[in-house]
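Please keep the sequence and the structure in view while reading.

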Amino acid sequence: MATTEEIRADLADIVNEVAGVDADDVQLDKSFVDDLDVDSLSMVEVVVAAEEKFGVTIPDDEVKNLKTVGDAVAFIERSQG
Amino acid sequence: MSSTRVVVTGLGATSPVGGDVPTTWQAMLAGTSGIGYLDDEWAESLPVRIGGRVAVEPSEVLDRVKARRLDRSSQFAMVAAEQAWADAGLEDSGLEPERLGVALASGIGGVTTLLANYDTLLAKGARRVSPLAVPMLMPNAPAANVSLKYGARAAVHAPTSACASGNEAIAMALDLIRLGRADVVIAGGTEAAIHPLPMAAFANMMALSKTASGEEGGDPTMVSRPWDTARDGFVLGEGGAVLIIESEEHARARGAKIYAEVRGAGISNDAHDIAQPDPEGRGGTRAIKMALREGDVDPATVVHVNAHATSTPKGDIAEGLMLHAVLGEHVDRCVVTSTKSMTGHLLGGAGALEAVATVMALHDRVSPPTINLDDKDPEVDLDIPTSRRELPEGDIVALNNSFGFGGANVAVAFGSVT
C-alpha cells in the first residue's frame, strides 16, 4: 500500500510533466486551479495519467470535487482501498 | 490593384540544413544536404528510409511544457515565428493587435499527433486519448498558436493547398495588407510528416524516391536531384519558415530593416488530376504571369527563380515549360535553382522556406546552387547553377513557385530593395 506521501510525490511528478509546475510546489493544501494554475484540459490529462499510474478510475463527475492536491490524494487512497 | 507597397521585414526558419535563417542560408549557399537515413525504428519496415529531419530539434529551443501541447508542425512554426518576430524588431513596437494578422499553412496538419492518439486509442482505450488531440492536430493549429503568442487579432488564416500551402499563405498575407485588413502579417508554412503512414502512402503512389533506400545502401544526400536524368521522386523533409510581411509605409515609419518587396502573387488551379501536374504546366504558367502582372514586373528583370522542382520526372519538366512560356527569351538570363535538392520537400513548409531563400537571394544578390545535378535532363532548358552564382545589380525580381496536389499553383514575385 502506497503511503499518502508516496501518492503525493507521484502525483506531483505527473503535474510537473503535464503543467510544468515545480513538483515541490504540489503539496496537499494546494488548489490545482488557484495555486498551481492547472487549467481544465491539463486537469483531464493529470486525471488520466493518475488513473494509469495508480490503477484507479476517476469518474468525470468526481473530477470537479478534486479541488486540491489533498482531495486527489485522498480519492486515490480510497479507491486503492 | 491597390498601390500599397508590401515588404518583408523579418525572417525565421528551422530546416533540415539549419536551426535558423543564417545557418540555413549559409548551408544552402554551400550546397549542403540535410538528407540522411532516418534512425527511427519504424523506418526499417518502409520502402523509403531517408528524409530531411530538422537540423535542430524544437525541444532544444522551446519550453518543455508549452511544446508538449503543440504538434511537431506547430513547434516548427513557433520556432520560426519567434525568430522572424525578433528579426523584424516587432517586440515592443507598439503594433496594435487589431492590425496584426497571421497566415500560416501546413499541408497535412498534425498528422503525427492524430496517429499517435489513434495508436493510444487502440492500445489503451478511449479514456487515454489526449484531451488536447484536436486543438493539436487541426490544420490551423500552427497559425492559431502563433496568433495566441503575439496576440494577433486582425486575422488567422491557414490555407491548405498541399505543397503550395506555404506560398499561398504568403500570397494571402499580401492580400490582407493590400486590402487594408492588417499592417503586419506573420506568414509562412510548416510541416512535420516524417511518420510511417504518410511516408508509406507517398512511397506507394511512387512520389518518393526509392534510391538509396535498398539493402545495398547508397548516399542519401544524392537522392534529391531535381532536373537530373536519374531523378525518381522527392525526398520528404520537415521544418517551418516564417516571413514578416508588412506594408512599406508601416515598415518605414518604424524604421524597420527591409529585406525585399513582395511585388505580386498569382494563384491558379490545374483542374487536371488530383496528383499529377498538367504536363504542359498551363496552370503554373498562368499563376506566374499573374504574379508578374500584379507586380507590374518586366520579365526582363526576373533574374532568379526558386523553383518548385521536387525531383519528380514530370513536374520538373513542366516547370521549365512554364518559365519559357512566361519569360520568353529572357529565360536565358534567369538563374534557376531548386533548394529542395538540399532540404528535401517540406510539403506545406516548402513554399515558405523557399520564400525565405528567395528573399535572401535578392538581399545578398546570390543564388544557391542545385546539388546533385550531374546529368541535366535534355528536356530542361534552364540555367541551373551547380555552385552559388552572383545575381546582377540594379532592380531585380525573383520568383518563388509552388505547386500542390489537387492542382494548386502559387507564384510570388519578390523585388530587390535598394
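In chain B, 61 residues of domain 1 are in contact with 55 residues of domain 2, where contact requires C-beta atoms, placed from the backbone, to lie within 7 Å. The model is predicted, so that local features need pLDDT of at least 70 and side-chain atom pairs count only at pLDDT 80 or more, while totals for chains, interfaces and linings use all residues. Residues are numbered from 1 along each chain as its sequence is written, and chains are lettered from A and ligands numbered from 1 in the order in which they are written.

**Domains of chain B**
- The bounds, which come from an automatic or database domain assignment, are 7–253 for domain 1 and 264–415 for domain 2 of chain B.
- The C-alpha centres of these two domains of chain B lie 20 Å apart.
- On the side of domain 1 of chain B that touches domain 2, H7(B) gives the most, with eight residues; helices (H or I, at least four residues) and strands (E, at least two) are DSSP runs, numbered from the N terminus.

**Chains A and B**
- Six residues of chain A are in contact with seven residues of chain B, and helix H2 (residues 40–54) of chain A gives the most to the chain A side, with four residues.

**Helix packing in chain A**
- Helix H1 (residues 4–19) and helix H4 (residues 69–80) of chain A pack at an angle of about 120°, with their axes 10 Å apart; axes are lines fitted to C-alpha atoms, for helices over the stretch in contact, and angles run from 0 to 180 degrees between N-to-C directions.
- Residues making this contact include A:Ile7 and A:Leu11 of H1(A) and A:Val73 and A:Ile76 of H4(A).

Note on methods:
Two residues are in contact if their C-beta atoms, placed from the backbone, lie within 7 Å.
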